[in-house]
Amino acid sequence: MRASSVVLLPHAPSSVAVARRRLSSELTDSGVYDSVVDDASVIVSELLSNALRHARPLPSGQVKVCWLCRGDLLEVEVSDGGAMTEPRRGPGTLSSLGGRGLGIVEALSEGWGVRHEDGTTTVWAILRTPRSSGDDRMDAPAGVHAVVPDLSAFPDLLDEPDEDLCNGSRSEVARSRAYPT
């Protein structure tokens, strides 16, 4: 089964909950495991929250959230009117109040990146979405959903990043789960 949607939402914080509910409902209806639905919901929340906090709306005054599930892959995208800065994973130090969102996206996805087209900035992420064959939807196979990593998995949380991670393209999936280089 194929699940896909394009949703235009107001450039407002209330849009995050609307996008999460819609994505969760459609993925659940298409048979995606609950743990993967949860990961996808966190990803869309982080991408949309970043767009609302850091970027301008599209010319319509909205943001666009899209997802497409093909086979065992789900691509989630959030498009906005762009910002003065490029989306990138921040240092997310232990004492910082924010800056961990794209690190979370990186941990839960197979890869993510940014593309620019006609005054629009789109941040995308891809994750695996195996489906169940029936009532066993609650029990995903081992390794299907991400677990919360300990801080040793993110050595750069304690230090400033050494390089600019902003050189991604849509067609690549980062093997290191970082911005494609």
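**Exercise 1.** In which loop is the place of Pro13?

This is a predicted model, where local features need pLDDT of at least 70, side-chain atom pairs count only at pLDDT 80 or more, and totals for chains, interfaces and linings use all residues. Residues are numbered from 1 along each chain as its sequence is written, and side-chain values use heavy atoms, without hydrogens and water.

Step 1. Assign elements from DSSP runs: helices are H or I with at least four residues, strands are E with at least two, numbered from the N terminus.
Step 2. Pro13 lies in the loop between β1 (3-10) and α1 (14-29).
Step 3. Its relative accessible area is 69%, so Pro13 is exposed (buried is under 20%, exposed over 50%, partly exposed in between; 1.4 Å probe, protein chains only).
Step 4. Leu52 is 39 residues apart from Pro13 along the chain, yet their C-alpha atoms are separated by 7.0 Å.

**Exercise 2.** How many salt bridges does a search of the whole structure find?

Step 1. Apply the criterion: a side-chain nitrogen of Lys or Arg within 4 Å of a carboxyl oxygen of Asp or Glu.
Step 2. The search returns three.
Step 3. One of them joins Glu26 and Arg22 at 2.9 Å, N to O. The two are four residues apart in helix α1, so about one helical turn separates them.

**Exercise 3.** Which residues do salt bridges with shared partners join into one network?

Step 1. Glu77 and Arg115 pair at 3.1 Å, N to O. This pair links distant parts of the chain, strand β3 (residues 73-80) and strand β4 (residues 111-117).
Step 2. Glu117 also pairs with Arg115, at 3.4 Å, N to O.
Step 3. The network is therefore Glu77, Arg115 and Glu117.
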